[in-house]
Amino acid sequence: TNGLTPGPHITATVEWATARNQENLMHPEKRTQFADQMELTVTTGQTVRAGMPVKLLATDAEGDENFPDGQEAAADTDVPIGIADGKAGTVYAEGERFTVWLVSSTVLHMLVGTGGITRGSRVVSASDGIKNAAAHGTTSRIYSHGIALSTSVVGDVAAVLSAPLALSRA
């Protein structure tokens with residue numbers, strides 16, 4: 001590792017030492033990162049309350065890709081990436097930036113497979129990389145690596161918030 005200890009407000013990069021890993025296509029200098037927080041923008045027509053689970057939206061209605069749109073994860077089909085920060089009673093309005101404490105502190109850089117991935121969706125293994133997980137309500141069990149932090153196409157190396165999970169669907 002690079003000697004940094006992950007903690008609040010610190011982003012560290014883990015460097016892999018072996019020659020084999022250095023030859024890998026996936027940015028050897030930045031394969032795994034540690035982050036505790038992410039800044040989002042409250043999406044159009046929504047508010048976000050401090051302490052509520054938050055999901056990442058696939059597109060940005062507010063138009064700033066540096067601060068992706070988010071809203072409360074209010075349904076059992078939503079995929080939360082973390083919890084909105086703030087004092088009890090704080091309500092963030094449409095267009096306002098807010099901080100999310102992430103459900104995981106590890107961000108993986110993974111190869112995207114056929115079909116691509118959509119920001120805010122759970123991702124699973126595919127024969128040529130990762131892809132979006134099946135929609136909620138399917139009858140199969142899925143083994144998810146985490147949550148896509150960007151919308152990406154086949155061949156891209158995309159950031160995925162590590163949140164491994166096996167889900168049985170009924």
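The model is predicted, so local features need pLDDT of at least 70 and side-chain atom pairs count only at pLDDT 80 or more, while totals for chains, interfaces and linings use all residues. Residues are numbered from 1 along each chain as its sequence is written, and side-chain values use heavy atoms, with hydrogens and water left out. The chain has one helix and 14 strands; helices (H or I, at least four residues) and strands (E, at least two) are DSSP runs, numbered from the N terminus.

**Chain totals**

- Buried residues account for 39% of the 170 residues in the protein chain. Buried means under 20% relative accessible area, exposed means over 50%, and partly exposed lies in between (1.4 Å probe, protein chains only).
- The chain exposes about 9,100 Å², of which carbon and sulfur atoms supply 52%. Accessible areas come from the Shrake-Rupley method with a 1.4 Å probe, and for residues only the protein chains shown count as cover.
- Among contacts with a separation of 6 or more, 59% are between residues 24 or more positions apart. Contact means heavy atoms within 4.5 Å.

- In soluble globular proteins, nonpolar side chains tend to be buried together.
- The largest nonpolar core has 18 residues, and L40, I81 and F98 touch the most other members. At least two residues of this core come from each of β3 (37-42), β5 (53-56), β7 (80-84) and β9 (97-102).
- Another core, of eight residues, lies apart from the largest one and includes V123, I130, A158 and V160. A nonpolar core is a set of buried Ala, Val, Leu, Ile, Met, Phe, Trp, Tyr and Cys residues joined through side-chain atoms within 4.5 Å.
- Leaving aside neighbours within four places in sequence, L40 is in contact with V54, L56, P68, G70, I81, E96, R97, F98 and V100.
- F98 lies in strand β9 and is buried, because its relative accessible area is 2%.
- Not counting residues up to four places away in sequence, F98 touches M38, E39, L40, T41, V42, V48, V54, A84 and Y92. F98 and V48 are 50 residues apart along the chain, and their C-alpha atoms are separated by 8.5 Å.

**Ring contacts**

- There is one aromatic pair. The ring centres of Y92 and F98 are 5.6 Å apart and the planes are at 25°, so the pair is stacked.
- Rings of Phe, Tyr and Trp (its six-membered ring) pair if their centres lie within 6.5 Å; planes under 30 degrees apart count as stacked, over 60 as edge-to-face and the rest as tilted.
- Y92 and F98 are both buried.
- R97 lies over the face of F67, at 3.7 Å from the ring centre. A charge sits over a ring if NZ of Lys or CZ of Arg is within 6 Å of the ring centre and within 35 degrees of the ring normal.

**The loop between β10 and β11**

- R119 lies in the loop between β10 (106-111) and β11 (122-126). R119 counts as buried because its relative accessibility is 9%.
- The side chain of R119 reaches the backbone oxygen of L57 at 2.6 Å. A polar contact is a pair of N or O atoms within 3.5 Å; within protein, one must be able to donate a hydrogen and the other to accept it, and residues adjacent in sequence count only if both atoms are side-chain atoms.
- Beyond its neighbours within four places in sequence, R119 has contacts that include L56, L57, D60, P68, D69 and L149.
- T118 is in the loop between β10 and β11, and its relative accessibility of 27% makes it partly exposed.
- T118 and S152 are 34 residues apart along the chain, with their C-alpha atoms 6.7 Å apart.
- With neighbours within four places in sequence left aside, T118 is in contact with A58, N132, A148, S150 and T151.

- D78 is in the loop between β6 (69-72) and β7 and is buried, with a relative accessible area of 17%.
- The side chains of D78 and K55 are joined by a polar contact of 3.1 Å. The D78 side chain also reaches the backbone nitrogen of A74 at 2.9 Å.
- K131 is in strand β12 (residues 129-132) and is partly exposed, with a relative accessible area of 36%.
- The C-alpha atoms of K131 and S121 are 9.3 Å apart, and the two residues are 10 apart in sequence.
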